[in-house]
Amino acid sequence: MIKKLVRIITEELICSEIIQPEENSLYMYGIELTVVSLINSIWMIGVSWIIADPILGLLYVLILGSVRTQLGGYHAKTYAGCFFCYNIIFCSSLLICRILDDIRVGVSYILAVGCIYLCIIYRFAPVPSLKKLNMEEKKYAKRKAFIGTVGWLILAVLFAGWKKIYALEIIAVLGISIFLMGTEKIKKQISKRKGEGQ
């Protein structure tokens, strides 16, 4: 269904002479990613509206779109897998959020965890899963992830005094994003060691 929709959109762009026919596959890929991301985002905000608070879903989508994409890490091989993981990770972030709320963490906790996150990002980010990045691309991704995380942490501190659940969701989603980056890093190291051992 998604591929059919993307094909229709791309054909319309070619007919309107907005894109050239030889650019078809490139645009199909970009449009496909955009459509899937849009569907996932709308779904997540809708689900969060039903089970919790739409702002929690919006925070989730925005953090994944701004920081997670720069950190790298695990990516599902299919759109169905991506959709499944997207939902599981959101539910996990809500669970972490509730646990942190129950143990009454404060601003000092947010700042301490934030500093740990920044140290991890500075040391290990990014960990691309699909393609190798050159040094300039790595520096750019690291800088964007670092600055994005700082911005989210400032927002978390501000939320802590007003609506603490939002601050905790920010901390939870950033933590999960860093965890996913770490799993990819470990997987690559294991793969590298196996390659050297053969």
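Reader: How far is the sulfur of Cys91 from the closest cysteine sulfur?
Author: In this predicted model, the gap is 12 Å, and the partner is Cys85. That is too far for a bond, since a disulfide needs the two sulfur atoms within 2.5 Å.

Reader: And is Cys91 buried, partly exposed or exposed?
Author: Cys91 is partly exposed, because its relative accessible area is 43%.

Reader: Switching to helices. How do α1 and α2 pack?
Author: Helix α1 (residues 2-15) and helix α2 (residues 24-51) have axes 9 Å apart, at an angle of about 130°. The two are therefore oblique to each other, and their crossing is right-handed.

Reader: Which residues meet there?
Author: From α1, they include Leu5, Ile9 and Leu13, and on the α2 side Met28, Ile31 and Val35 are among them. The contact residues divide into eleven nonpolar, two polar and three charged.

Reader: And α5 with α6, at what angle do they cross?
Author: Roughly 175°, with the axes of α5 (residues 107-124) and α6 (residues 135-160) coming within 10 Å. The pair is therefore roughly antiparallel.

Reader: What makes that contact?
Author: Residues including Ile110, Leu111, Gly114 and Leu118 of α5, and Phe146, Val150 and Leu153 among those of α6. This contact divides into 14 nonpolar, two polar and two charged residues.

Terms used: Residues are numbered from 1 along each chain as its sequence is written. This is a predicted model: local features need pLDDT of at least 70, side-chain atom pairs count only at pLDDT 80 or more; totals for chains, interfaces and linings use all residues. Side-chain values use heavy atoms; hydrogens and water are left out. Axes are lines fitted to C-alpha atoms, for helices over the stretch in contact, and angles run from 0 to 180 degrees between N-to-C directions. Helices (H or I, at least four residues) and strands (E, at least two) are DSSP runs, numbered from the N terminus. Angles under 35 degrees count as roughly parallel, over 145 as roughly antiparallel, 65 to 115 as roughly perpendicular and the rest as oblique. A crossing is left-handed if the near helix is turned anticlockwise from the far one by less than a right angle, and right-handed if clockwise. Contact means heavy atoms within 4.5 Å. Ala, Val, Leu, Ile, Met, Phe, Trp, Tyr, Cys and Pro count as nonpolar, Asp, Glu, Lys and Arg as charged, and the others, Gly among them, as polar. Buried means under 20% relative accessible area, exposed over 50%, partly exposed in between (1.4 Å probe, protein chains only).
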